[in-house]
Amino acid sequence: MDLKALYQEILNEHNLNPSHKGLTENATFTLHGVNPSCGDNIYLQLKTDENGIITDGSFSGSGCAISQASVDMMLDDVIGKSKEEALKLASTFMGMIKGEDVSETDIEELDEAASLQNISKMPARVKCAVLGWHTMEEMLKGGKNEASGSVEHCSTE
């Protein structure tokens, strides 16, 4: 199987059968992320324990296959991680998607989300791929025990 077919298979699987679509009971964080250029929107929820470990997470909303699959892959990556580890993964993902020089070792830590690496060659799709990751960054960098609100992602900066 070639790389393009594998990418398509991973993307389709996360879009058609997302593991984390739904609601998280007693979520610590909830944030609405919107991509106004195309209408993609998600409600991201994370649950953390007293040590700041992400113990559960989910998303709801609507959007293209890339935005929905990307947030599902992101949740696969960050559940079980500390906030700091999740933010490091987000930084790696953002760098990869923007076509920056990111080490192969760091990209491997993204697991299936690394399959979105070629999105950097499709500028119109970058905002779709980063929506969930940007929303999580805003949520975790807010420094609040409970974050609730809305954030628009008009750029990839």
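Me: In strand 2, which residue is the bridge partner of F29?
Reply: This is a predicted model. Strand 1 covers residues 29–35 and runs antiparallel to strand 2, with seven bridges joining them. Within that pairing, the strand 2 partner of F29 is L46.

Me: Which residue in the turn between strand 1 and strand 2 has a positive phi?
Reply: The two strands form a hairpin, with four residues between them. A positive phi of about 95° occurs in that turn, at G39.

Me: How many bridges pair strand 2 with strand 3?
Reply: Strand 3 spans residues 54–62 and pairs with strand 2 in the antiparallel sense. The bridges between strand 2 and strand 3 number eight.

Me: Is strand 2 largely enclosed or largely open, and why?
Reply: Strand 2 comprises residues 40–48, nine in number, and buried here means under 20% relative accessible area.

Me: Which element gives the largest share of the largest nonpolar core?
Reply: This core has 41 residues, and L44, F93, I97, W133 and M136 touch the most other members. Elements giving two or more residues include strand 1, strand 2, strand 3 and helix 3 (83–97). Leaving aside residues up to four places away in sequence, F93 touches S70, L110, A113, L116, A129, V130 and W133. The largest share, nine residues, comes from helix 5.

Notes:
Residues are numbered from 1 along each chain as its sequence is written. This is a predicted model: local features need pLDDT of at least 70, side-chain atom pairs count only at pLDDT 80 or more; totals for chains, interfaces and linings use all residues. Side-chain values use heavy atoms; hydrogens and water are left out. Buried means under 20% relative accessible area, exposed over 50%, partly exposed in between (1.4 Å probe, protein chains only). Two strands pair if DSSP finds at least two bridges between them. A nonpolar core is a set of buried Ala, Val, Leu, Ile, Met, Phe, Trp, Tyr and Cys residues joined through side-chain atoms within 4.5 Å. Contact means heavy atoms within 4.5 Å.
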